[in-house]
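Welcome, and thank you for taking a look at this structure. Below is a short tour, one topic at a time.

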Amino acid sequence: MLKKLLKYDLKNLFKSLLPIYLVTLVVTILTVILNNLSNKSNLFSTLNALMIFSYIIILMVLLIGTFFLSIRDFYLDFTSERAYLVNTLPVKKRTIIASKFTTSLITMIASMVVMFISFLILIIGNGIWVSFAREVSILLNTMTGEIWGLLILTTVLMIVMYIGILALCYFSISLGQLKNTNKLGFSFLAFIGIYIIYEIYFTISLSTIFVIDPNFIRALDATVTPIGSINVLMTIIIVLSLIFTAIITPITNYLLKNHLNLE
Amino acid sequence: MTLLEVNHVSKSYGKNKVLDDVTFNITKGKIVGLLGPNGSGKTTLIKLINDLLKEDSGSIKISGITKGVETKKLISYLPDKNYLNQNMTILELLNYFKDFYSDFRIGKAKELIKKLDLDLNQKLKTMSKGTKEKVQLILVMSRKAKLYILDEPIGGIDPAARDYIIETILTNFNEDASLLISTHLISDLEKVLDEVIFLKEGKIIRNSSTDLIRKETNMSINDLFREEFKC
């Protein structure tokens, strides 16, 4: 059933995202063209400045829009008229939730790939490809195992934190739908409340580590390099974020399974 | 054989008690009318049976199974709203139902869609309200379910479309199954109902076979309804 849900959830989200991808690529190409013409006249130069501004905006829309559409999709599937279809399918709630997490992650990765392609178009279109490739090659040659570790951990951290934020939003919606009126407003209030708890949880957890072992940071400084310290800290944050997600997601599942409220 | 068992079910929205100790059974092969004025608790009861709401007390079983994933395989439900994704085409919706419901008869659905002269590649959002409702009904009635639950399928529809809907229900309704149909347009459905449940302010005030009611009261169900619920 998860495969079938993924098929329809992905199709549904990409239907909304494809126009944004198309606009991103068009704005990128226009930015390249105007950048190459900007020396020819003041008009082109002004238009180029405007296009660069539009380009920054569209990149923000791309990432924020992807996140917003994922959350909206979850909200609609549990509170709107669509919920009458989704919640009468012979599918476990945890499968629906798993599909939402997976689709949100896949669409965010797809949006980042579009952003990366857009950067490449900018680099190639502005004729700096050769120097860019040389710089990247030098960087890759000088990278140590620790830096590779940092890069991998940063990627894992971004994915885990994104899943954590999604879990937090899903949990807020599952609380908000319990109310009979203004479910969106109550979801938003729940989000603020849970986010404060989320921040307190991180602060207390990190402080506890230092209280239990006051020599932790000193030991880190003495035994490992600065990048190594960052890697250890990132690993701790990844574990803490995973624990938080592992606690709130079953509660989300419980609320939607046993207290679904389509009044 | 009992198909649907509703035992002492109560439900409140805040301080407002919508259903109060509702108990009834539906046996196999019956067409049951759930009748009551607006706000009597019909839709809430239907939502509870479909696991879209949680009862405050009592229990609901379908074919002896407590409601959950397994009971959703047995029920084909038509809500009183446009619940399908408006961006999907008819063909996509047929495939959606085929993917999720093993009892969905896609051939039957295509045949019914063809009779309506609709293009399978037409998106739902481009259709009129009446056509959307017909498509929804076709999807629901093309399942070979054990229990069909239709919430106000003929409410707010012109008489010609009403006839089409009633005919579609009756000709595609699996005879081994039961049908629970909520309405306040009784005259259109009276002749096909085997049993009726009268719901008033969240309580069942009458639950009997239509023949028995007519015999006991010397009134049609429609007249009795008007009598019972007159303002």
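## A first stop: B:His8

With 12 C-beta neighbours inside 10 Å, B:His8 counts as exposed, because a residue with 12 or fewer such neighbours falls in that class. As you look around, please keep in mind that this is a predicted model. B:His8 sits in strand 1 of chain B, which covers residues 2–13.

Most residues other than glycine have a negative phi.

## B:Asp51, another positive phi

B:Asp51 is also a residue other than glycine with a positive phi, here near 65°. You will find B:Asp51 in the loop of chain B between helix 1 (42–49) and strand 4 (57–62).

Is B:Asp51 buried or exposed? B:Asp51 is buried, as 23 other C-beta atoms lie within 10 Å, and 20 or more are enough for that label.

Strand 2 of chain B, residues 16–27, is where B:Lys17 is found. With 16 other C-beta atoms within 10 Å, B:Lys17 is partly exposed.

Which residues does B:Lys17 contact, once its neighbours within four places in sequence are left aside? They are B:Ser12 and B:Gly202. For a sense of distance, B:Lys17 and B:Tyr83 are 66 residues apart in sequence, and their C-alpha atoms are 26 Å apart in space.

## Chain B as a whole

Stepping back, chain B has 9 helices and 10 strands. Its radius of gyration is 18 Å, close to the 17 Å that the globule rule gives for 231 residues, so chain B is as compact as a globular protein of that length. Along the principal axes, the C-alpha atoms of chain B fill a box of roughly 50 × 35 × 35 Å.

Of the 231 residues in chain B, 42% are buried. Among contacts in chain B with a separation of 6 or more, 71% are between residues 24 or more positions apart.

## Helix packing in chain A

Now over to chain A, where helix 1 (2–37) packs against helix 4 (residues 93–125) at an angle of about 20°, with the axes 9 Å apart. These two helices of chain A are therefore roughly parallel to each other. Their crossing is right-handed, and the residues of this contact divide into 16 nonpolar, 11 polar and 2 charged.

Helix 4 of chain A also packs with helix 6 (residues 145–176) of chain A, at an angle of about 135° and with the axes 11 Å apart. That makes helix 4 of chain A oblique to helix 6 of chain A, and the crossing of this pair is right-handed. On the helix 4 side, the residues that meet helix 6 include A:Ile97, A:Phe101 and A:Met108, while helix 6 brings residues including A:Tyr162 and A:Leu166. By class, the residues of the contact between helix 4 and helix 6 of chain A are 8 nonpolar, 1 polar and 1 charged.

## Where the two chains meet

How many residues does each chain bring to the contact between chain A and chain B? Chain A gives 21 residues and chain B gives 21 residues. On the side of chain A that touches chain B, helix 1 (2–37) and helix 3 (83–86) of chain A each supply at least two residues. The largest share of that side, 4 residues, comes from helix 1 of chain A. Sorted by class, the side of chain A that touches chain B has 8 nonpolar, 7 polar and 6 charged residues.

How values were computed
Residues are numbered from 1 along each chain as its sequence is written. Chains are lettered from A and ligands numbered from 1 in the order in which they are written. This is a predicted model: local features need pLDDT of at least 70, side-chain atom pairs count only at pLDDT 80 or more; totals for chains, interfaces and linings use all residues. Two residues are in contact if their C-beta atoms, placed from the backbone, lie within 7 Å. Ala, Val, Leu, Ile, Met, Phe, Trp, Tyr, Cys and Pro count as nonpolar, Asp, Glu, Lys and Arg as charged, and the others, Gly among them, as polar. Axes are lines fitted to C-alpha atoms, for helices over the stretch in contact, and angles run from 0 to 180 degrees between N-to-C directions. Angles under 35 degrees count as roughly parallel, over 145 as roughly antiparallel, 65 to 115 as roughly perpendicular and the rest as oblique. A crossing is left-handed if the near helix is turned anticlockwise from the far one by less than a right angle, and right-handed if clockwise. The radius of gyration is taken over C-alpha atoms; the globule rule is 2.2 Å times the number of residues to the power 0.38.
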